[in-house]
Amino acid sequence: MRPVPASRSSFRTSRWFRLVWIVPAVLVGALLLVLLAVAIRSSDGGQRFLASYPGQSVLPSFVPVGLPWWLNGLHATNTFFLLLIVRTGWVLRAKKRPAVRWARRVGPFRQNGVQKISLTSWFHLTLTALWVLNGIIPYVLLFATGQWARIVPTSWDIVPNAVSAALQYASLNWPTENGWVDYNALQVLSYFAITFVAAPLAIITGLRMSPAWATRMRRFDTRFTLRTARSLHVATMYFFIGFVIVHVTLVLATGALRNLNHMYAGRDDQTWAGFWLFVLSILVMIAGWIAARPPLLKPVAALTGTLSR
């Protein structure tokens with residue numbers, strides 16, 4: 001019997017070997033889900049349900065039509081910050097020994113003289129602070145302009161309409177929609193979850209894990225432990241990643257030019273303006289990803305604290 005080659009043996013013991021059965025299982029599960037959705041939609045009961053609940057709730061009369069320019073700009077900056085936050089969070093999750101540490105020159109948060117954190121932690125916290133500041137503006141403007149009702153459920157029929165939209169997506173006969181006027185119920189619940197659940201949860205758990213606050217919040221250790229905060233924080237990161245993947249896929253698959261104009265150019269047509277603004281934002285994110293390295297971060301970090309190896 002010939003010995004198994006070392007390369008094949010190492011592959012079988014690696015984490016990637018699980019993909020050998022995970023990928024086929026996911027594909028089979030997806031196929032069964034599509035067949036089930038098609039069967040339900042083709043039935044008399046399914047057709048009556050779709051007729052009663054087309055997948056979209058009626059917006060209140062005070063909601064303005066269209067997406068304002070400030071929402072387009074904040075959407076782009078929010079995406080930029082979120083990308084780098086996830087990147088630095090992923091690096092921190094790897095728990096590699098940091099080559100450079102950062103410490104405050106002055107401040108109330110000290111432990112054994114000076115509280116030191118890794119350069120990646122400093123960048124992660126700085127990005128989070130900028131992301132929070134960037135997020136405060138849309139919160140205020142959403143409620144000041146009436147745009148909040150586009151992403152906040154205002155009636156209980158949002159639930160059956162969300163089920164209807166999910167059934168339409170699963171059957172690969174996607175709901176007809178116009179995001180310039182109104183989102184379908186599944187989109188509303190998704191945007192509500194991102195804006196009013198996931199984002200605040202990421203901030204709260206991040207504060208609980210922060211070295212500056214951890215020592216001051218020890219009285220919460222029995223009710224809101226660091227381990228719980230870390231688990232919720234990581235779960236929220238995965239939720240953001242999953243949302244972005246699904247969101248971008250649907251934007252490009254359901255009328256890319258029109259959707260990109262809605263999101264980036266603030267117009268409801270099929271010109272190429274939104275597409276080129278989208279490309280520009282991608283280039284900026286690539287540049288930010290490349291620039292987020294110690295040689296370029298150290299001079300900036302040194303302006304706010306002391307660096308040491």
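Reader: Which residues line the largest cavity?

Author: Ser-57, Val-58, Leu-59, Ala-149, Val-152, Pro-153, Thr-154, Ile-158, Asp-182, Tyr-183, Ala-185 and Val-188 line it. The model is predicted: local features require pLDDT of at least 70 and side-chain atom pairs pLDDT 80 or more, while totals for chains, interfaces and linings use all residues. Residues are numbered from 1 along each chain as its sequence is written, and side-chain values use heavy atoms, without hydrogens and water.

Reader: How much space lies in the largest cavity, and how many cavities are counted?

Author: Rolling a probe the size of a water molecule over the atoms shows where empty space is left. Here a cavity is a set of points on a 1 Å grid where a 1.4 Å probe fits but cannot get out, with lining residues having an atom within 4 Å of a point; the volume is the space filled by probe spheres set on points joined across faces, edges and corners. The largest cavity holds about 80 Å³, and the count is one cavity of 30 Å³ or more.

Reader: Is Gln-168 buried or exposed?

Author: Gln-168 is buried, because its relative accessibility is 8% (buried is under 20%, exposed over 50%, partly exposed in between, with a 1.4 Å probe and protein chains only). Gln-168 sits in helix α6, residues 158-170 (a DSSP run of H or I, at least four residues, numbered from the N terminus). Beyond residues up to four places away in sequence, Gln-168 touches Arg-41, Leu-50, Pro-54, Gly-55, Asn-173, Trp-174 and Pro-175 (heavy atoms within 4.5 Å).

Reader: Which residues have the most contacts inside the largest nonpolar core?

Author: A nonpolar core joins buried Ala, Val, Leu, Ile, Met, Phe, Trp, Tyr and Cys residues through side-chain atoms within 4.5 Å. The largest has 37 residues, with Trp-122, Phe-123 and Phe-240 having the most contacts inside it. The elements giving two or more residues to this core are α4 (69-94), α5 (119-145), α6, α7 (185-209), α9 (226-253) and α12 (294-302). A second, separate core of five residues includes Val-251, Leu-260, Met-263 and Tyr-264.

Reader: How many salt bridges are there?

Author: Side chains of opposite charge can pair when their charged atoms come close. The count is two salt bridges (a Lys or Arg side-chain nitrogen within 4 Å of an Asp or Glu carboxyl oxygen). In one, Asp-268 pairs with Arg-258, with the closest N and O atoms 2.9 Å apart. Asp-268 lies in the loop between α10 (256-265) and α11 (273-291), and Arg-258 in helix α10, 10 residues apart. Asp-268 is partly exposed at 32%, as is Arg-258 at 30%. Asp-269 forms a salt bridge with Arg-267, with the closest N and O atoms 2.8 Å apart.

Methods:
1 Å grid on protein atoms, 1.4 Å probe; cavity = no way out; pocket = protein on both sides within 12 Å on 5 of 7 lines; lining within 4 Å.
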